[in-house]
Amino acid sequence: MKKLIAAIVLSALCLLLFSCGGTPSMSELLSYQKDGATFEVKISDGDEFSAKITLGEKDTVELCSDETEGIRFVIGENETLIEYNGTSMTLASSEKLKAAKWASFFRLSSDSLWKIKSETVGGIAVYICTCDNMTLYIDAASKIPLKIINGETVIDVLSCQ
């Protein structure tokens, strides 16, 4: 009888272990970071902004709030431009530019030491990925980011194309 109970418990344990899906790799979770991807976001970074971030050879951040509508930052590897009403101007120090920092949150490296855990937040299954000062909430079903937090900066992703 003890052998039968032990066999049933062992079978149930094996079934439980093998039926659980594994956590995806960080490179799979960051697969949304491809050229041409566009994200409509709400950014809280001291002030609150609405913006559209487009990934490409040169990433762009277009501000969409009432006071800043139409201002667009084009962030290249070696230079950053600010565009407004058909006029563009080179910005000298893109390292100090908040828009460059915001765009960099959509160009994360999967090689960093990410800690990934699966949770349900507000009824939605998400992966919560943390690395250093960065926390990334990714929808488990679609692998689309929902929220990015880095220090005082919070980016809520409203849509992704």
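The structure is a predicted model, in which local features need pLDDT of at least 70, side-chain atom pairs count only at pLDDT 80 or more, and totals for chains, interfaces and linings use all residues. Residues are numbered from 1 along each chain as its sequence is written, and side-chain values use heavy atoms, with hydrogens and water left out. The structure holds seven salt bridges, a salt bridge being a side-chain nitrogen of Lys or Arg within 4 Å of a carboxyl oxygen of Asp or Glu. Helices (H or I, at least four residues) and strands (E, at least two) are DSSP runs, numbered from the N terminus.

**Salt bridges**

- Arg107 and Asp35 form a salt bridge through their side chains, at 3.0 Å from N to O. This pair links distant parts of the chain, 72 residues apart: Arg107 lies in the loop between α3 (98-104) and β7 (115-121), and Asp35 in the loop between α2 (26-29) and β1 (38-45).
- Residues are classed by relative accessible area: buried is under 20%, exposed is over 50%, and partly exposed is in between (1.4 Å probe, protein chains only). Arg107 is partly exposed because its relative accessibility is 33%, whereas Asp35, at 53%, is exposed.
- Asp35 and Arg107 also belong, together with Asp59, to a network of salt bridges.
- A salt bridge also joins Lys101 to Asp45, with 3.4 Å between the closest N and O atoms. Here helix α3, which holds Lys101, is linked to strand β1, which holds Asp45, and the two residues are 56 residues apart.
- Lys101 has a relative accessibility of 34% and therefore counts as partly exposed, while Asp45 is buried at 7%.
- Lys58 pairs with Glu79 in a salt bridge whose closest N and O atoms are 3.8 Å apart. The partners are 21 residues apart, with Lys58 in the loop between β2 (47-54) and β3 (59-63) and Glu79 in the loop between β4 (72-75) and β5 (80-84).
- Both partners are partly exposed: Lys58 has a relative accessibility of 41%, and Glu79 has a relative accessible area of 31%.

- Ile128 has Tyr137 in β9 as its bridge partner.
- The hairpin of β8 and β9 has two residues between the strands, and Asp132 in the turn has a positive phi of about 55 degrees.
- β9 is also joined to strand β10 (residues 145-150) by five bridges, again in an antiparallel arrangement. Leu136 stands opposite Ile148 in β10.
- Five residues separate the strands in the hairpin of β9 and β10, where Lys143 takes a positive phi near 60 degrees.
- Five of the six residues of β9 are buried.

- Cys131 belongs to strand β8 (residues 124-131) and counts as buried because its relative accessibility is 9%.
- Contacts (heavy atoms within 4.5 Å) of Cys131 include Ser112, Leu113 and Trp114, not counting residues up to four places away in sequence.
- Asp139 is in strand β9 (residues 134-139). Asp139 is buried yet has no salt bridge, and Lys143, the nearest side chain of opposite charge, is 7.4 Å away. For charge, Lys and Arg count as positive and Asp and Glu as negative, while His and the chain ends are not counted.
- Beyond residues up to four places away in sequence, Asp139 touches Ile124, Ala125, Val126, Ile144 and Leu146.

Note on methods: Pairing = 2+ DSSP bridges.
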